[in-house]
Amino acid sequence: MTNTESLSASKTPAAVLPMSRSPAKRLLILLPVVVILLGGVFWIAYHFGSGMRFGPKYGMVLQSPEPAMDFRLPSHLGQEIALSDFRGEIVLLYFGYTVCPDVCPTTLAEVHKALDLLGKEADEVNCIMISVDPERDTPEVLAEYLGHFDSRFIGLVGSPEKTLEIATNYGIHYERQESDSALGYLMDHTATLTLIDREGHARLVFPYGTKAEELAEDIRYVLHH
Amino acid sequence: MTDPAGPDHARERHGQSRLKWTNLFYGFTLAAISAVLAFTYFQPITVLPRIHLAPGFSLTNQSGEKRTSEDYRGTVTVYTFSFSRCGESGVEAMTRMQKLRQRLRETDKGKMKFALVTLTVDPAHDTEAVLREFADRFGVGTEGEGDVRWDFLRGDPARTKYIIGGGFGVYFTHEAETDSAEEDLKITLEQRFVVVDGWGIIRAVYRGDTFEVDRVMRDLRWLMSETKNSKGVASLAYEAAHLFRCYP
């Protein structure tokens with residue numbers, strides 16, 4: 001380039017030359033863009049990406065450092081079953097009874113629907129119901145009752161003392177209520193569902209009324225995290 | 001149509017555009033990492049961990065009324081364990097509960113409900129009448145419930161063992177009392193105070209020497225804040241606090 005040409009280049013109007021920005025100005029433009037992008041990704045992940053969530057959405061998350069209390073009780077299948085037999089799989093633990101007029105059938109029906117929604121993933125999920133009415137709920141009665149909901153469900157029934165010990169530990173209150181109904185006495189009981197993860201930790205508690213779709217979504221999260 | 005400024009200029013503009021997107025990507029990643037670290041370090045939101053399910057129970061209080069664990073749903077409850085014939089350390093623990101109750105009464109609790117519960121580890125001796133008298137020593141019963149109820153509960157010994165020992169994990173032993181009134185009672189009890197939230201989840205456990213009223217009030221304020229603010233999008237921030245700070 002000759003001196004004349006270089007002089008010409010230096011006199012090129014500023015409008016033609018690319019605008020230069022100071023680092024501070026660049027940061028001022030970049031920062032809100034980054035924040036908005038972060039917020040957008042977060043919102044999308046929360047609403048559409050169950051694999052990218054912070055955690056389950058519908059159950060209350062527990063952070064216990066200790067595994068849930070293990071127990072071994074006679075099952076409706078004829079042999080004793082322990083909670084620890086299911087290590088490596090998910091357990092949904094419920095305390096109910098067969099003469100329950102409404103709460104138990106509703107809950108078990110929702111769990112059945114949830115397992116159907118999970119499809120093949122339900123192979124790693126076990127629903128266990130421990131009877132709070134050992135006086136009436138024999139293994140045979142449990143077998144027939146649970147068979148109406150889902151052949152995969154497991155019914156356990158123990159002695160009154162053992163049932164009290166286990167239920168107390170899982171935050172379950174139950175109490176006999178005398179009634180004039182044809183069903184005989186009823187059992188008032190806490191109707192929460194406890195999810196125990198693969199390592200045996202009580203991980204989630206679902207209140208009564210949790211829908212099948214909500215159960216399935218949270219179970220799927222725990223299966224994959 | 002070619003770039004009137006020439007192919008070099010086009011390449012330079014393309015390069016600048018790629019540089020801009022690269023800057024954006026690195027800035028985004030750095031911002032995300034910084035946000036997580038800042039959240040963990042500065043703790044703009046503090047939460048109490050969700051430790052364990054509180055035990056279920058059905059007991060009676062000092063007035064002979066039935067109280068079950070379901071009655072405390074929706075209420076933040078502070079539990080302690082004692083007995084009417086407790087010594088000096090037992091009285092000291094109960095006095096601290098009394099101070100906590102007073103502080104709670106003076107605090108703006110919004111819509112949140114609070115209750116105190118003392119479970120007797122000596123139900124054979126602590127009948128309802130004895131519990132009434134015991135409660136009266138700490139100002140309970142004479143002025144009515146007020147807005148921070150304090151129940152003194154008893155049940156049969158087997159249930160008591162499951163609830164206190166198995167459920168709350170509090171160690172106590174009870175040997176048959178001697179005939180002599182001067183003899184020390186053979187009840188060994190580890191002093192514990194437990195905070196249970198409205199969901200029935202244990203959120204804090206204090207040993208006897210760590211139960212300071214100021215500290216407990218601070219923790220209860222965190223719980224109040226979480227209960228009040230953890231709604232909608234804000235709930236994500238609270239779950240993030242649980243995720244990053246509470247997992248064992």
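I took helices (H or I, at least four residues) and strands (E, at least two) as DSSP runs, numbered from the N terminus. On that basis I found that the secondary structure of chain A comes to 6 helices and 10 strands.

I noted before going further that this is a predicted model, in which local features need pLDDT of at least 70 and side-chain atom pairs count only at pLDDT 80 or more, while totals for chains, interfaces and linings use all residues. Residues are numbered from 1 along each chain as its sequence is written, chains are lettered from A and ligands numbered from 1 in the order in which they are written, and side-chain values use heavy atoms, with hydrogens and water left out.

**Chain A overall.** I counted a residue as buried under 20% relative accessible area, exposed over 50% and partly exposed in between, with a 1.4 Å probe and protein chains only; 45% of the 225 residues of chain A are buried by this rule. With contact meaning heavy atoms within 4.5 Å, I found that 71% of the contacts in chain A with a separation of 6 or more join residues 24 or more positions apart.

**Leu83(A).** I located Leu83(A) in the loop between strand E3 (80-82) and strand E4 (90-96) of chain A. Leu83(A) is buried, its relative accessible area being 7%. Beyond its neighbours within four places in sequence, its contacts are Met69(A), Asp70(A), Phe71(A), Val91(A), Tyr170(A) and Ile196(A). From Leu83(A) to Gly200(A) I read 8.1 Å, C-alpha to C-alpha, across 117 residues of sequence.

**Cores.** A nonpolar core is a set of buried Ala, Val, Leu, Ile, Met, Phe, Trp, Tyr and Cys residues joined through side-chain atoms within 4.5 Å. The largest has 65 residues, and Phe71(A), Leu93(A), Phe95(A), Ile130(A) and Tyr170(A) have the most contacts inside it. Helix H6 (residues 212-224) of chain A gives the most to this core, namely 7 residues. A second, separate core of 53 residues includes Leu104(B) and Phe172(B).

**Helix pair in chain B.** I fitted axes as lines to C-alpha atoms, for helices over the stretch in contact, with angles from 0 to 180 degrees between N-to-C directions. The axes of H2 (residues 88-106) and H5 (residues 213-229) of chain B come within 10 Å and cross at roughly 45 degrees. Since angles under 35 degrees count as roughly parallel, over 145 as roughly antiparallel, 65 to 115 as roughly perpendicular and the rest as oblique, H2(B) and H5(B) are oblique to each other.
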